[in-house]
Amino acid sequence: MFQVDVAGGPTTSSPPRSTVPLTPLASQQTPPSTPFLAGALLSPRLLPRGGQSDISGHVRGNGGFRRARAPHLPPYTGAAAASAEVQTPAPPPSSPRPPPAPSPLVAPVPRARPRHADSVGGGSGGRGEEEGESYFSVTSSRLSQVDYLGESTKGDLNVRREHLDALGGNGKSTLHGPIEEIAWKEAREAELLLRNLGIADPFSVRNSPRGIFCTRTLNLRSISVIGYDMDYTLIHYNVMAWEGRAYDYGMANLKSMGFPVDDLQFDPDLVIRGLIMDKDKGNLVKADRFGYIKRVMHGTQMLSTRAVSEIYGRELVDLRKESRWEFLNTLFSVSEAVMFMQMVDKLDQGLMPAELGPLDYKGLYNAVSKALFRAHVEGQLKSEIIAEPERFVEPDPELPLALLDQKEAGKRLLLITNSDYHYTNKMMNHAFNRFLPNDMTWRDLFEMVIVSARKPEFFQLSHPLYEVVTKDGLMRPCFKVNSGGLYSGGSAHMVEKSLDIHGDEILYVGDHIYTDVSQSKVHLRWRTALICRELEDEFDALIRSHTKKEQLIAIMQQKEIVGDLFNQLRLALQRRTNSRPAQTLAATCMDDQELAESMQKLLIVMQRLDEKIAPMLESDGELFNKRWGWLSRSGLWDKSHLTRQIEKYADIYTSRVSNFLHYTPFMYFQSQEQTLGHDVHSYSRRQQH
């Protein structure tokens, strides 16, 4: 393919069907190299009869769907409006364009659709598919390159070269003036259009509880396959209901083993995700990004900072030592941690029956783990959830529409879950089918479904593969996976081989930092997304605590200034004691009484400041959790161990899958600046000069 760069020059030489990259500026976090396509935003929208439309326009109204014209907008006058690169020529006034014919909400999409440099519809103004196909194509894997951020250009939308020629322009001659000025004007016009369309711009969405946050730059256009976990990813459970029942069943099993549990109740606020159980000491700990332990709870009692220092000193958490440390990777860990901490109290109080034999903390953990495992394996818990899913599942009407957008954009969607077929089918039917249009079912969204996947081994090893062949879940052995199939077991390598796609063309989305995110990244180099619902609560709590945190920082800065002066006077006193001059002549000339009185006053000030700072630091983060503080931080400034795991293994992270709906399937996520210790000081010096 003969391509044209932003200056109008060729970049490669190939067959004559050539394209110029076309990338929105304001609607995506994307390298600002090409003009904004205004016309694409003016196409007709789907609106419900008697209902409200969501951000995608895919809404089930009272009486079905109708196609409506776009709302009246002011004329687009930006630079792109005059650019032959980005604007479809308008028909002459004497030939008005006929209104678009009604069409169904969802066009039929084959289960397996290979993505080449295909022509695509979607020309502005609602023209038919054939006319739209004459304008655009999509960059294929074979013809893709790497942009200046190191991301593949696969999936980029292009305008064909012959249409640029027909319009009498090229990438350079149609843009007049410095590109910085053009881009600034285009961005302002784009913001106006987004606002008039009622669509939030990506910067507003990102700075909200429903944002998608990026740790490693990810071009979603270059992703061919998106795989999803189910539990706490596509299906979000009410933690109090789901984990509460898991706790009840686990405690019943402990009681049958002889443990005293009658006076205990489930308390989900006792723990948060990202904590670590110390099986040897009966503790629950919170560590910073380096592994240093900052907060500790023994049983259900929080320990003082001094006690933490005496117990652990400078000992580091090492998650590779699985016999001692157990990381709370997911919300499924909540019930287990609560049970363990409560039983530690019973053991410390000497309430364990003698017939249980000698028990230490590790033996107690093993008993709790076994009891909870029985609750899951015996099936009573899942049977209860299947019977009444509305009690346990929190509905998300936007979720199926987000996946529908991805599918219609050419992404091949996979469901890879450890849950069995019957449970998966029931939960997905409940969560998806009622929100999908045109009698679609959840199975229509996914090109491939794999149940009982046995992650994380699914990403590491190869297990026997079975095809689910009946609605009752009967299976037969098979040796390869095919598009459209429903399978049990197998491996990620089988999936890659079947789809003929590997590594960074696959994005896997899950809630478990180890089972879903870490292992798919480490073993297969898949791109990864972590779902962490608690981010929404933390985001809101951070906003509410902003004023209090500013006050704390101001007081700490005051102490730092006072402390600097005290240290300088202390050094002057030290030098005077050793018959040496102080740092400056003025310090040397201070008499002994003046020096001593100044130091005494400063010490009193610092002590008073410490009395103010200590409780403020202790309460920092209590709006999120009174015991553990923030999910993402450990202490005022440092990141938590969980945040470090997210940064290391998750390319993007967000609170729920439906947040993709507020972006687009073509989003270019860019990682944010990672500040260093000297960044602020360098900036301050630049300001001084």
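An open sheet of 10 strands runs in the order S7-S22-S21-S20-S9-S15-S16-S19-S17-S18, with mixed pairing. Strands here are DSSP runs (E, at least two residues), and helices are DSSP runs of H or I with at least four residues, numbered from the N terminus. Two strands pair if DSSP finds at least two bridges between them. Strand S7 (212-214) and strand S18 (475-478) are the edge strands, each pairing on one side only. From one strand to the next, the twist averages 25°.

The model is predicted: local features need pLDDT of at least 70, side-chain atom pairs count only at pLDDT 80 or more, and totals for chains, interfaces and linings use all residues. Residues are numbered from 1 along each chain as its sequence is written, and side-chain values use heavy atoms, with hydrogens and water left out.

Look inside the sheet next. Strands S20 (residues 506-510) and S21 (residues 527-531) run parallel and are joined by 4 bridges. Gly510 has Leu530 of S21 as its bridge partner.

Now take helix H11 (residues 398-408). It is largely enclosed by the rest of the structure, because 9 of its 11 residues are buried. Buried means under 20% relative accessible area, exposed over 50%, and partly exposed in between (1.4 Å probe, protein chains only). Among the buried residues of H11 are Glu398, Gln406 and Lys407. The buried residues pack against strands S9 (225-228) and S15 (412-416), and against helices H12 (421-432) and H13 (442-445). Contact means heavy atoms within 4.5 Å. Gly410 follows H11 and has a positive phi, near 95°.

Two other helices form a packed pair. H5 (residues 239-256) and H8 (residues 361-377) meet at an angle of about 115°, with their axes 8 Å apart. Axes are lines fitted to C-alpha atoms, for helices over the stretch in contact, and angles run from 0 to 180 degrees between N-to-C directions. On the H5 side, the contact includes Trp242, Tyr249 and Leu254; on the H8 side, it includes Val368, Leu372 and Arg374. The contact residues divide into 9 nonpolar, 4 polar and 1 charged. Ala, Val, Leu, Ile, Met, Phe, Trp, Tyr, Cys and Pro count as nonpolar, Asp, Glu, Lys and Arg as charged, and the others, Gly among them, as polar.

Finish at Met616, in helix H20 (residues 592-619). Met616 counts as buried because its relative accessibility is 13%. Leaving out residues up to four places away in sequence, Met616 touches Lys548, Gln551, Leu552 and Ile555. Gln551 lies 65 residues from Met616 along the chain, yet their C-alpha atoms are separated by 9.4 Å.
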